[in-house]
Amino acid sequence: MRNADELIAEGAATPVEGWDFAWLAGRATEERPPWGYARLLGARMATVRAALDIDTGGGEVLAEVPAPPPLLVATEAWPPNVPVARRTLGRIGASVVQVADRPPLPFRDASFDLVVSRHPVQTWWDEIARVLRPGGGYLSQQIGAGTVRELSEAILGPLPPPASRHPEQAVAAAEAAGLTVVDLRTATLRTVFHDVGAVVWFLRKVVWTVPGFTVDRYRAELRRLHERIRAEGPFVAHARRFLIEARRP
């Protein structure tokens, strides 16, 4: 096994643009939710004429839709992801709009039959309801409360119970915006890190796991985690996801 500093340096130097996790192959794994978001996404897209994907990342998931609707738009707020998404989604005829990380969305009322989002940074329910046409739907796979908490605590120490990202909060917010929730499912998924370089790369990419993460700030904790993996084997955490589907009456 390479030493801690070599692995940390590798994880710190590897690009993290887009939302592709292929670099972790052989170094980290995460179970997939049982509902199959990509399959559901493809099925919903095949039935509409105008759709919006919010927080598309690099467009990797949306690009796999088998039958895109005639009008397909994606938004992304993180500037490095925008050119990646434009390259990725250009081949299926989707437009990518760079937006701010807060509302409003730059679209007219009732513009879309379908709004989707996989792992949104934050869900602006009033905006989703506004841009949906009557009878339109919202489909989203979201990060659940306390996801990979074990990893967060390995770096930060003990944390208070999570106050946000609970499925019940999402249901209440959707209903407050005038939407009707038609499906809600939850899953806990085993997540395994085989080396500290994978941890560093993951923390740089999934920035809410350890807010403000930098290698220099947490080098001592990363070295301790490396020694733990070397002594005990792969580090195991648990990701939490929920699927929510809602409709505008």
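Predicted model: local features only at pLDDT ≥ 70, side-chain atom pairs only at ≥ 80, totals over all residues.
Strand S5 supplies the largest share of the lining of the largest pocket, namely three residues.

The largest pocket holds about 750 Å³ of space. Its lining is made up of 41 residues, and those nearest the centre of the pocket are Asp55, Glu76, His119, Pro120 and Val121. Several elements give two or more residues to this lining: helix H2 (37–45), strand S3 (71–76), strand S5 (112–118), helix H4 (125–131) and helix H7. By class, the lining residues comprise 22 nonpolar, nine polar and ten charged.

In an unreviewed entry, UniProt lists residues 52–136 as "domain: Methyltransferase type". In the model, this span is 20% helix and 28% strand, and the C-alpha atoms at its ends lie 11 Å apart.

The axes of H7 (residues 196–205) and helix H8 (residues 219–232) come within 9 Å and cross at roughly 135°. Angles over 145 degrees would count as roughly antiparallel, and those from 65 to 115 as roughly perpendicular; H7 and H8 are therefore oblique to each other.

Which residues of the two helices meet? On the H7 side they are Val196, Val199 and Val200, and on the H8 side they are Leu222, Leu225, His226 and Ile229. This contact of H7 with H8 has six nonpolar residues, one polar residue and no charged residues.

Note on methods: Residues numbered from 1 in each chain as written. Heavy atoms only, no water. Axes fitted to C-alpha atoms, helices over the stretch in contact; angles between N-to-C directions. Helix = DSSP H or I, 4+ residues; strand = E, 2+ residues; numbered from the N terminus. Parallel < 35°, antiparallel > 145°, perpendicular 65-115°, else oblique. Contact = heavy atoms within 4.5 Å. Nonpolar A, V, L, I, M, F, W, Y, C, P; charged D, E, K, R; others polar. 1 Å grid on protein atoms, 1.4 Å probe; cavity = no way out; pocket = protein on both sides within 12 Å on 5 of 7 lines; lining within 4 Å. Points joined across faces, edges and corners; volume = space filled by probe spheres on them. UniProt positions renumbered as here; feature names shortened; annotations may be inferred.
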